[in-house]
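These are my notebook entries on one chain, written in the order in which I looked things up.

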Amino acid sequence: MKIEKKLIDPAQVRRQEELCLEAAALLRERTERPLALVDTYGCQQNEADSEKLRGFLAEMGCAFTEDEFAADIIVVNTCAVREHAEMRVLGNVGALNHTKKAKPSQIIALCGCMVQQPHMAQKVKASYPVVDLVFGPHELWRFPELLLRVLTGHKRVFATEQSDGVLAEGLPSVRDGKVKAWLSIMYGCNNFCSYCVVPYVRGRERSRRPEDVVREAEALVAAGYKDITLLGQNVNSYGKDLDCGVNFAQLIRRINDIPGDFLIRFMTSHPKDATEELFQTMAACEKCAHQLHLPVQAGNDRILKVMNRNYTAAQYLEKVALARRYMPDLVLTTDIIVGFPGETEEEFEDTIRLCEAVRYDAMFTFIYSKRVGTPAASMPDPYTRADKQRHFDRLTEVSNRISAEKHREYEGRTLRVLVDGETGRTPYNLSSRTNGGRLVHLQGEPALIGQFVRVKITGGNTWALYGEAL
Ligand code: SAH
Ligand code: SF4
């Protein structure tokens, strides 16, 4: 298997666990009960990575806190997809000057996509002396070794070498919940959409071996998880870098074969690689949710071409129609970028037309954000921020209206939902999800958390449905 070349030697991974014990001893010299805080920005992949960071920290004897002043170690897991996320990270890291002043032994680490960009690593080095440790996504598997260097060396450590990426199996993990779990099946991206920084910071596509994915899914089911989301930047190209003949649809079938009552979700699907075999498989596998996040990004063919998306609006609409033929109850969501460099009024109208034609259950809309080093960053961009904001507001209105209309169509229906937590509000004190992933607020006993229950939907708005447990 070609992937073996990228796989970190298991002995090296085990070595990290030994280093956790060394770090634990050093931390105990500083305080009886070390506390750690992991702050996560960005996508679900980052959430999954943060669970691994917490896994390592737990092996170092840390308990967890949300209090920045109480924490002995703060790890900020950053995002680089849009400037807004970077600004938030930098603002919050600036504020950590106060916590470190109050507790000079505090260790502050920055990791993730933002700091994998050389200009950002440089900026942190020059302007944020409060940060002790910086490491990119490719170095996460050796976090214990890097932290130990800080604990023993009193020097700032920067580990952000450019790389195509590696794959590490067997890292510890402390998961956030008990009902829903993230399961990374692949890392990186080969698509190089012209606006996107992800391929530069996360490296090339690397698929985990199917047996490793299935083993982890079995462990999740055995531990009682009921909702498993398979993660990758483009799950539809799963397996293309392996030579074991298992593609994404076949991987779903293998996970569907695991005994137990649970749901399989996945994200994200690139439309160019979403196949009829995938839709057939989703329809045939009783555990696979009829939910598809299929980012279209734009509804105009010229824009799609300069975005390097490799499909036209018509081809996208055909895929949607095909998916709905297999799954008439499919819940469909999307991502859209407004104000891509040079997008005209008329081109933006094509996006509105496409959204009205598809009628998404929900849309995630973003104003284009210029990313250093991407091809779009050097494209002429004559439109003002105000033009883009106007388009964004219009699209949001369309999206909110359609979501509300679609949610109202649920009224009076009886559905199976998975109760996943408490809302902290009354009277709808529980939150749950439909098979298609729509949020349902319920009234009921907290003992229902983690169970599939039947509910009657009594109402709905743009953001959620409301129901009664039967
Ligand atoms: N791999 C996933 C998404 C990764 S980023 C996919 O291809 O669908 C999540 C979303 O952020 C993207 O779908 C896109 O809509 C948005 N995005 C990415 N780069 C952006 C940029 N430079 N400006 C604004 N939005 C962006
Ligand atoms: Fe970015 Fe495109 Fe890859 Fe998604 S598919 S991560 S948008 S380059």
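This is a predicted model: local features need pLDDT of at least 70, side-chain atom pairs count only at pLDDT 80 or more; totals for chains, interfaces and linings use all residues.

**Entry 1: around ligand 2**

Residues are numbered from 1 along each chain as its sequence is written, chains are lettered from A and ligands numbered from 1 in the order in which they are written, and side-chain values use heavy atoms, with hydrogens and water left out.

Which residues are around ligand 2? I found C189, N191, F192, C193, Y195, C196, V198, P199, Q233, H270 and R309. To sort them I counted Ala, Val, Leu, Ile, Met, Phe, Trp, Tyr, Cys and Pro as nonpolar, Asp, Glu, Lys and Arg as charged, and the others, Gly among them, as polar. On that scheme the shell of ligand 2 holds 7 nonpolar, 3 polar and 1 charged residues.

I then followed F192, one of the residues around ligand 2, and found it in the loop between β8 and α7. Helices (H or I, at least four residues) and strands (E, at least two) are DSSP runs, numbered from the N terminus. F192 is not a glycine, yet it has a positive phi of about 50 degrees. F192 is partly exposed because its relative accessibility is 29%, where buried means under 20% relative accessible area, exposed over 50%, and partly exposed in between (1.4 Å probe, protein chains only).

N190 also lies in the loop between β8 (186-187) and α7 (198-202), and with a relative accessible area of 38% it counts as partly exposed. From C-alpha to C-alpha, N190 is 5.9 Å from E205, although 15 residues separate the two in sequence.

Rolling a probe the size of a water molecule over the atoms shows where empty space is left. On a 1 Å grid over the protein atoms alone, a cavity is a set of points where a 1.4 Å probe fits but cannot get out, and a pocket is an open set with protein on both sides within 12 Å along at least five of seven lines; lining residues have an atom within 4 Å of a point. Grid points are joined across faces, edges and corners, and a volume is the space filled by probe spheres set on the points.

How many cavities of 30 Å³ or more does the structure hold? I noted 5 of them, and the largest cavity contains about 220 Å³ of space. Its lining has 13 residues, of which D49, P137, L140, V166 and Y187 are the closest to the centre. By class, the lining of the largest cavity has 8 nonpolar, 1 polar and 4 charged residues. Domain 1 (3-159) and domain 2 (180-408) each give at least three residues to this lining; the domain bounds come from an automatic or database domain assignment.

The second largest cavity has about 50 Å³, and among its lining residues are L37, D39, E68 and N92. At least two lining residues come from each of β1 (35-40), β3 (73-78) and α3 (83-102), with α3 giving the largest share, 4 residues.

**Entry 2: an open space**

The second largest pocket has a volume of about 500 Å³. It is lined by 23 residues, and those closest to its centre are D329, Y410, R413, L415 and G436. β15 (414-422) and β16 (430-434) are the elements that give two or more residues to this lining. By class, the lining of the second largest pocket comes to 10 nonpolar, 4 polar and 9 charged residues.

**Entry 3: peptide bonds and the whole chain**

I looked for cis peptide bonds and noted one that joins M267 and T268, with omega about 5 degrees. T268 sits in the loop between β11 (263-267) and α10 (276-284). The bond from T426 to P427 is also cis, with omega near -5 degrees, and P427 lies in the loop between β15 and β16.

Last, I noted that 57% of the 470 residues of the chain count as buried, and that the C-alpha trace spans about 60 × 55 × 50 Å along its principal axes.

Definitions and conventions. A residue is near a molecule or strand if one of its heavy atoms lies within 4 Å of it.
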